[in-house]
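Please read it alongside the sequence and the coordinates.

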Amino acid sequence: MNAISILIVEDEPIIAADLAFMLSKMGYQVYDPVGSGEEALVFLKTNEPDLILMDIQLEGDMDGIDTAHQINATTTIPIIFLTSNTDTQTFGRAKLTRPHAFLSKPFREADLRNSIELAFDRNESTTVPDDGPALVHDDRIFVKVKDRMVKLMLEEVLWMEADRYYSWIVTADKKYLATVSLKKLSENIPETIFARANRSQVINTQKVDEMSDHYLYIGQEKIQIGKTYKEDLMKRFLRF
């Protein structure tokens, strides 16, 4: 099993180095820390950490809250905020990003470990409503739309993408929202047709029109290839 990977976004080098040391001692894989929101967004274009530790008060044009909003728009990577004497207004802004935890400075190793474990427990145990799940059966999937279950043939699906604890199922004509996580949904679809492209998207391999080192294209949609999934994807396409 691969170690959980963590990105530290912290503009105080001493704090960042201390965090990295503690995390490495706990057995986590730690990327080199970055010191700004802008650097974090660049890093995430080619890397996929399992967790981000984000200082709220970052130097530069973007603070940690602004950065978290941008990260949430394209990924489902859990974020733990690092805080120090945060005022009520800032705390209110931070809550809107739905972080997985807040860790107050200065923090103890035990607090750090507990926050990380709780963040992953929350990801795994979060439930979704039972009134609109996607139901996979053989070569089709049923999605609840208003008061009806709509049938989609799996061969019609272009890709599926995570939206926090829900999933979008995309066809050439429409997007359907399913009240089930992408993880649960992908466990029930045939691996002979579908493959994970990145943390947030599962693609229909039969619908891919073009592919480069870092992206694949389905029609006009440009989908990033996650570093973790690149080797498996390449093997899949070489078999065609």
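In this predicted model, Gly37, Ala40, Leu41 and Leu44 of helix α2 are in contact with Thr67, Gln70 and Ile71 of helix α3. Sorted by type, the residues of this contact are four nonpolar, three polar and no charged. The protein has seven helices and 16 strands, and 43% of its 240 residues are buried. Of the contacts with a separation of 6 or more, 53% join residues 24 or more positions apart.

**Packing of α2 on α3**

- Helix α2 spans residues 37–44 and helix α3 spans residues 64–74; their axes come within 9 Å of each other and cross at roughly 20 degrees.
- Angles under 35 degrees count as roughly parallel, and α2 and α3 are therefore roughly parallel to each other.
- The α2–α3 crossing is right-handed.

**Packing of α3 on α4**

- Helix α4 covers residues 88–95 and packs with α3 at an angle of about 10 degrees, the two axes being 9 Å apart.
- At that angle α3 and α4 are therefore roughly parallel as well.
- On the α3 side the contact is made by Ile65, Asp66 and His69, and on the α4 side by Thr90, Arg93 and Ala94.
- The residues of the α3–α4 contact comprise two nonpolar, two polar and two charged.

- Which residues of α3 are buried? They are Gly64, Ile65, Thr67, Ala68 and Ile71.
- Exposed residues Ala73 and Thr74 are carried on the face of α3 turned away from the buried side.
- The cover over the buried residues of α3 includes α2, α4 and the strands β3 (51–55) and β4 (79–83).
- Two of the buried residues, Thr67 and Ile71, also belong to the contact with α2, while the buried Ile65 belongs to the contact with α4.

- Helix α7 runs over residues 230–238, and within it Leu233, Arg236 and Phe237 are buried.
- Viewed down the axis of α7, these buried residues fall within an arc of 90 degrees, so they line one face of the helix.
- An α-helix has 3.6 residues a turn, so residues three or four places apart point the same way.
- Glu231 and Leu238 are exposed on the other side of α7.

- Isoleucine 15 is in helix α1, which comprises residues 13–25.
- With a relative accessible area of 27%, isoleucine 15 is partly exposed.
- Apart from neighbours within four places in sequence, isoleucine 15 is in contact with Glu10 and Lys105.
- Isoleucine 15 and lysine 105 are 90 residues apart along the chain, and their C-alpha atoms are separated by 9.5 Å.
- Lysine 105 is joined to proline 106 by a cis peptide bond, with omega near -10 degrees.
- Proline 106 is in the loop between β5 (101–104) and α5 (109–125).

**Arginine 98**

- Where does arginine 98 lie? It is in the loop between α4 and β5.
- Arginine 98 has phi near 55 degrees, a positive value in a residue other than glycine.
- The relative accessible area of arginine 98 is 41%, and the residue is partly exposed.

**Valine 145**

- Valine 145 belongs to strand β7, residues 140–145.
- Buried means under 20% relative accessible area; valine 145, at 22%, is partly exposed.
- When neighbours within four places in sequence are left aside, valine 145 is in contact with Val150 and Tyr176.
- The C-alpha atoms of valine 145 and leucine 177 are separated by 8.3 Å, although these residues are 32 residues apart along the chain.

Key. Residues are numbered from 1 along each chain as its sequence is written. This is a predicted model: local features need pLDDT of at least 70, side-chain atom pairs count only at pLDDT 80 or more; totals for chains, interfaces and linings use all residues. Side-chain values use heavy atoms; hydrogens and water are left out. Axes are lines fitted to C-alpha atoms, for helices over the stretch in contact, and angles run from 0 to 180 degrees between N-to-C directions. Helices (H or I, at least four residues) and strands (E, at least two) are DSSP runs, numbered from the N terminus. Angles under 35 degrees count as roughly parallel, over 145 as roughly antiparallel, 65 to 115 as roughly perpendicular and the rest as oblique. A crossing is left-handed if the near helix is turned anticlockwise from the far one by less than a right angle, and right-handed if clockwise. Contact means heavy atoms within 4.5 Å. Ala, Val, Leu, Ile, Met, Phe, Trp, Tyr, Cys and Pro count as nonpolar, Asp, Glu, Lys and Arg as charged, and the others, Gly among them, as polar. Buried means under 20% relative accessible area, exposed over 50%, partly exposed in between (1.4 Å probe, protein chains only). The arc is that of the directions from the helix axis to the C-beta atoms.
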